[in-house]
Structures are given as C-alpha cells and as structure tokens.
Amino acid sequence: MRAIHFLGLPMAAGAVLVHQCGQLPPWPVWPALALSLAVAARLPAGARLRCLGPALLAVVAGGAWAAWIAGGVLAARLPSELEGRPLEVRGCVAGLPRRGQRSTSFDFLVDHGPVRGRLRLRSYRSPDAAPAAGECRVLQVRLKRPHGLRNPGGFDFEAWSFARRVVASGYVLAVGARLNGGRTLDRWRAWLLQKLQHHAGSARYSGIVQALAVGERSAIPVGQWDLLLATGTNHLVAISGLHVGLAAGFGFFLAGWTWRRSSRACLWIPAPRVAALAAGACALGYAALAGFGIPVQRALVMLSVGLLGGRPRPAWVVLDRALAAVILVDPLSPLEAGSWLSFGAVAILLTAIRPARHPAARPWRRAWDGLREFARLQLWFGVALMPLSVFWFQRICLVAPLANLVAVPVVGLLVTPAVLLAVLAAALGLSAPAAMVLAWANGLLGAVFIWLDWLSGLPAAQWWPGTAAPWQWLLALTGLLLAGGAPALGPRARIFRRAGIALLLPLALGSSPRPVAGQARVTVLDVGQGLAVVVETAQHLLVYDAGAAFGPRFDSGSAVVLPYLRSQGWRRLDLAIISHADGDHAGGMPSLLRAFAARRVVVGEPLAQIAGTACRDGESWRWDGVDFELLRAARDRFPVGNNASCLLLVGAGGNRLLIAGDLERGGEADLLARDRLAPVAVLVVPHHGSRTSSSSAWIRGLIPDRAIISAGYRNRYGHPHPRVVARYRQQGVRLNQTARDGAIRVDLGAGGVQVSGFRHRARRYFHDAPL
C-alpha cells in the first residue's frame, strides 16, 4: 500500500516557527537546512531520517515560503523618514468605507506614490466628501508605520495589520482628482448595501443583516456585539468558513437534487459533478458578496481542495492538503485566530462525528438522533477549542455550547438564506418582497438574542483563567492528542477520551504569578496618549487611571486595562484612583468599573459619572508589606485642573516609585515647598512629559534613577517635549517611554528595582521598533 505523506501540517509548523522569531532568519539558512537534511538522509544511519524526510523538508519549505513573503511585506512598509510628512498617493478604495460619527475610515490600495500597498486611512471630512467604495483617487495623506498598543493580554494590532499586509496608516489631508478605472466589485457591494439599508430601515438588527449580507460589521450596535462576544457567537456575523460552507452546501444539495430528477441529465453529466460545480459557484458568489476578505479567501481554498480533489480520499488527507494550500496562498494566516479556529473546528468535527445510530429508522427517530448528535458536537467543540480560546482570547465562554446549539441552525439555516434572498430581491428592484423577508429575518434574530441575553446573565457565563504555565499547555496538548486519537485505540477509546478531557482542566485554572509579600509589581500600561498604571501586591490590586475613551466602541479601560487584569488572573479590584477629570486619565474608568467593581474609588477632583471619595494628602496604608501614600497639592490653591491630580507613592524593600498624574509646575513647587517629597527610585513623569511640568527643581528634588513617560506614538501634542527629555538626561535619569517600550513593568522589592518593556520582552519580527 502506498504511504500517504501529510505535508500540510509540517508546512504550517514551519510557518509558525518563523512567525515566532524576533528577526527573520537570513535567506541562506533555508537552502542550508534542506541540503543538511539531504546529506543526513544519505548517511548509513539515516534510515529513520529518510522516513521523516518529506515531512522535514515540508517544514523547511513552509518556513522558507513564510519568511520570503514576510520579508516582502516588511520591505514595503513606510520608511521611518516619511512618517508625519504630507505625501501624495494614487490608488483605489478597497472594500467598503466604514462611516463613524466624526470620520470615515477605509483601506486604500496604492499603485503609485512613495509607498505602495495597502493603507488604512481615516478622513475627517463629511461622508459625501470622502472617497467612495471602489473609487480611484489622488489623495494627500499624512502617514505613520503600523504601530499599535503593546500590553500583556491585549490585542496585537501590529500582528493583525501585518497579516493583512498593511504598510502604513494615517489620515487624509485633501482629496484630489478622480482617476479612471476602479474596483467594480466594491462599487456593486456598496450599491447593494445602500439597497439593504433602505429596505431594512431602522430595524433593530439591521447591522447584523448587513454583516451577513456584505460582511460589513461596523453598523452592529455595541450592545449587540458585546452580547455576541459574551456568548461565543460572534463568529456567526463574521463571514468565514461556516457561511461559505453553508452557501456551498445549499448549492450542492439543491443542484444535486434537481439534477437527479432527470435520468438523461445524469447520463450526460453525473449528478455529483454538477452538485460540486454548483457548490463552488455558490461559495464563490457569496465570497464576492463579502468582498473576498482574508477569512473568506481561506475558506474558499479549503473548499476548493475538497471539491476539486479528484478521486475520493480520506477526510484527514483532504484537510491536510487544504492546510497546505492555505499556507501556499497565505503563509501569514497563522498570525490570525480565525485560521486556527477554522482548521481546529474541522479537525474536531472529523474526530468527534459518529455515523447515524438508526439509519433505517422512522424520520422522527432519525431527526431526534441528529439533534442529539448536533448537541454532542457543540459540547465537544466547546471543550476541544478551549485551548485556542485561552491562547487567543484569554477566556472560556462556558455558555457557548448552549448558545450555538440554537444560534448556529437558526442563523445558518434560516436567517442567512433569508438575508441572501432579500439581497437578490433588492437587486432586482422587488422592494416589497425584500422588506418582507428582512422583517422575517429580524424576527428570527430577535428570538435568538432573547436566548443569548438570558444565557449571558447566568452565573459564570464566562471565565478568564489568566496566564497559563508551560506545564499546563503541555498537559492540554497531551489531552487533545489523547482525546483526538481515542477512536483508534479500540475498546478503551472512551477511557482515553475522558482522560484527555481531564488533562485540559488545569489550563482553565491558570497560574499567573503574583508578587511575594514585601514586593510590588507596577505596570505602566501602553494606552497611547493617556495614563493607566496597575499596582499589584501579593493579595491586593490597585488601578491608577484608565486611559482615554475614544468613542462608544473603544476605550482604554475595556481594551487595555481589563484584558491585562484578566490575563494576570485578578477577580477583584481593591482600589481605583482617578488622578483628575481629564479624559485621557478618567475616560476608560467607567467601563473598567462596570466589569470590576472596586471596593473603593478615590478621585482627585469631582467627576460627573463616577462617585468617589476625595483624595486626602498624607493618607497612607500598608498592603502585604508594601507602603502606599497619597499626595496632593494644596486644595485651596488648586481645587480643579491638572494641579488637582492625586499622586501615589509606592514603597517596597526601601525603594519608592511616584506616580505624578498631570501635575504641573505650580503643583510641583507647592509639594516641594511643603517638604512633601523625598528621593524616589522610579518616577512616572507628570503630564506625559509636557513642557508645563518636570521643572529642574522637581527633578533635583526627587533624584529618580528611572523616569517613565506615558505618551502616544507620534501624538499631536508633541509629548514628551524635547526640552523635558533633555532636562531628565542632564540629571543622569534613564528614560523609558510606552510609545517605544510598550507596557513598562517595574518590580520593587528588597532585591532592588527591575524595569522591562513588554515590546522588547515579547518582540516578533513584524513588531515595530521605534527609535
């Protein structure tokens, strides 16, 4: 019997290994590895290596291919010397523009200019003045390299941008002449979206209808999106493998059933071949409607391998070849969670699915068996996908199997076909049928959301295990292999499967290390232009400020501070301090306090949204051998404003750290005059390094060894000011900046002070490295 070599998995392994590198391996490494394997296989002791030869060569090939493509994307990035300069570019709008309250954002494919490739742009002009979908234009833009916030547990924007081959981001200065040509598909999608919006009107779930029809999710309200996330059903509104597969399945069964009605037609062309062609056509049409996004392209490749694979092959072979095809088409796909979840779900399906128990039974019995099998598969998906959920999202959605048990068939089999039928009716100008079908789809979605809302209110609907240790990941991997390979283990398969599931449980517990008694861990999070600091002791948690709110969909409290706390395994917040009322300090606190109820809140000045006790100068306490003290400039002189900031002094093991909020020179002079300050080891620089703060007397009075500046990358205020930076350096102070170092961790204790930046600790070759 001819041996079957699985090449997709080793190719993917090679690509994954490359994506874990801090720098891309030089190109001579790959031919040297391949030559070494060939020579070793020829040696007398290389018999075993010859058996593994194809797989090892596939690892090398996958790594080399991924490195070559990645090198091309890195080379296309905006050069640092062009950042912040007005540039003229020519190209076309790719995809559908996303219209917000104050701006319109869109992707722009540049074919002529100082940089070429995909740009992510934002226009602050009126929506009518912004470029339209598919339109080609000359634009005046101001750009910067793809640069995101870098925090433990947070979203990796730079990896996301790199996987989508974004070479720069920025905003539009001026819209120039319209060019000939354009992207017809995107214009057609925009026209259909306009038709849908007209027929859907102000329906409650019109945003979800738009997402299912053309892949545009920006219209989904924040509350609905949060509910989808909380119940593990957000994948239903992101057009990917499930939707493309359903479209292909409808085409396959409908065409096959219709073709089999004619024996003459079956003699001319076999029904399975016609069904496969119809499935491919339906999948291609839905992919075009969705704009051929990267997840859709991945699903199309997987489907094409299954439909066009020639003679029937084992399902695992088809999956492996689909994986190989995806790596060939997009070797950057392992950087996205969707790729792992897509192949993981199919692998689980192949492992867990069982043949019908009563194939010859009555229809009602077969339907009951099918329902039981579907419920069992949903439970198995929830358990087996847990490691991926922990790795990518740092959480486990415990109600996801129950939520998907209802949502998947309703949305997949009823709502999505109805939405596509409404799209067809709208395109043909049939307004009444389109509106009627959309009203029916909205009613179904309303029933689904009632179910999801009830599930989200259950105790422990979600669980955040925190950071797992290597031994927990090893046990989880062993458990997956045992559970997945159980069917091949004969009569004891059930025992091995249960043992495998048991080995997954330690991963759900997490093992985030805490400081020991007498030590403090202070993390200045990277929140862009703002401030958020987390102080952890052995048993207590304090949050000082929570960054800014940038709109209803994004604020630093929910996007940065909350993921960090959950990644560290915290379940409660002992004290929240809001230095003062400025939005870049207090804006993210409401969303944080909604998720983490604080035992106490202290405010530097009164806030409308948050009730708290006033900051009292000199108040002190001790947690787990760590000393804390609040400082404030004289209240009668500085009742409000930046100088009303509540300062925090942390001391552990004879080393002290001061967080100075937005204190300005007047407040600095007041504290110095009242002898309220003493030398500190680390200073979180006041007011982001503004020239209104950090006087020479302030620096001399504190004599810090380290100073940390929390400011946004290339922010419009010019923080930190060059004179302030020079002032600290003249005093011999070593500087760290969140824009350069990411989240900055300071460990205080008897052993001294240790400072490290997350951007350097967790660097990969695609992460930006600003000077």
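**Entry 1: one leucine**

Is L503 buried, partly exposed or exposed? Before looking, I reminded myself that this is a predicted model. I then found a relative accessible area of 23% for L503. Buried would need a value under 20% and exposed one over 50%, so L503 counts as partly exposed.

I placed L503 in helix α19, which covers residues 493–509. Next I looked up its contacts, leaving out residues up to four places away in sequence, and found L475, A476, T478, G479 and L482.

**Entry 2: a pair of helices**

I turned to α1 (residues 8–19) and α12 (residues 315–329). Two packed helices are described by the angle between their axes and the distance between the axes. For α1 and α12, I noted an angle of about 35 degrees and axes 7 Å apart. The crossing of α1 with α12 is left-handed.

Which residues meet here? From α1 I listed G8, L9, M11, A12 and A15, and from α12 their counterparts D320, L323, A324, I327 and L328. Sorted by class, this contact has 8 nonpolar residues, 1 polar and 1 charged.

**Entry 3: an open sheet**

I followed 7 strands through an open sheet, in the order β14-β15-β16-β17-β18-β19-β20, and noted that the pairing is mixed. On average, neighbouring strands are turned by 20 degrees against each other, direction ignored.

I zoomed in on β17 (residues 655–659) and β18 (residues 682–684): they run parallel and are joined by 3 bridges. One detail I wrote down is that L658 has L683 in β18 as its bridge partner.

**Entry 4: a helix with two sides**

In α25 (residues 722–730), I found V724, V725, R727 and Y728 buried. Why do I say they line one face? Seen down the axis of α25, the buried residues fall within an arc of 160 degrees, so they line one face of the helix. On the other side, P722, R723, R729 and Q730 are exposed.

What do the buried residues of α25 pack against? I listed α23 (665–673), β18, α24 (696–702), β19 (706–709) and β20, which brought me back to strands of the sheet in my previous entry. Last, I noted that G732 follows α25 and has a positive phi, near 75 degrees.

Terms used
Residues are numbered from 1 along each chain as its sequence is written. This is a predicted model: local features need pLDDT of at least 70, side-chain atom pairs count only at pLDDT 80 or more; totals for chains, interfaces and linings use all residues. Side-chain values use heavy atoms; hydrogens and water are left out. Two strands pair if DSSP finds at least two bridges between them. Helices (H or I, at least four residues) and strands (E, at least two) are DSSP runs, numbered from the N terminus. Axes are lines fitted to C-alpha atoms, for helices over the stretch in contact, and angles run from 0 to 180 degrees between N-to-C directions. Buried means under 20% relative accessible area, exposed over 50%, partly exposed in between (1.4 Å probe, protein chains only). The arc is that of the directions from the helix axis to the C-beta atoms. Contact means heavy atoms within 4.5 Å. A crossing is left-handed if the near helix is turned anticlockwise from the far one by less than a right angle, and right-handed if clockwise. Ala, Val, Leu, Ile, Met, Phe, Trp, Tyr, Cys and Pro count as nonpolar, Asp, Glu, Lys and Arg as charged, and the others, Gly among them, as polar.
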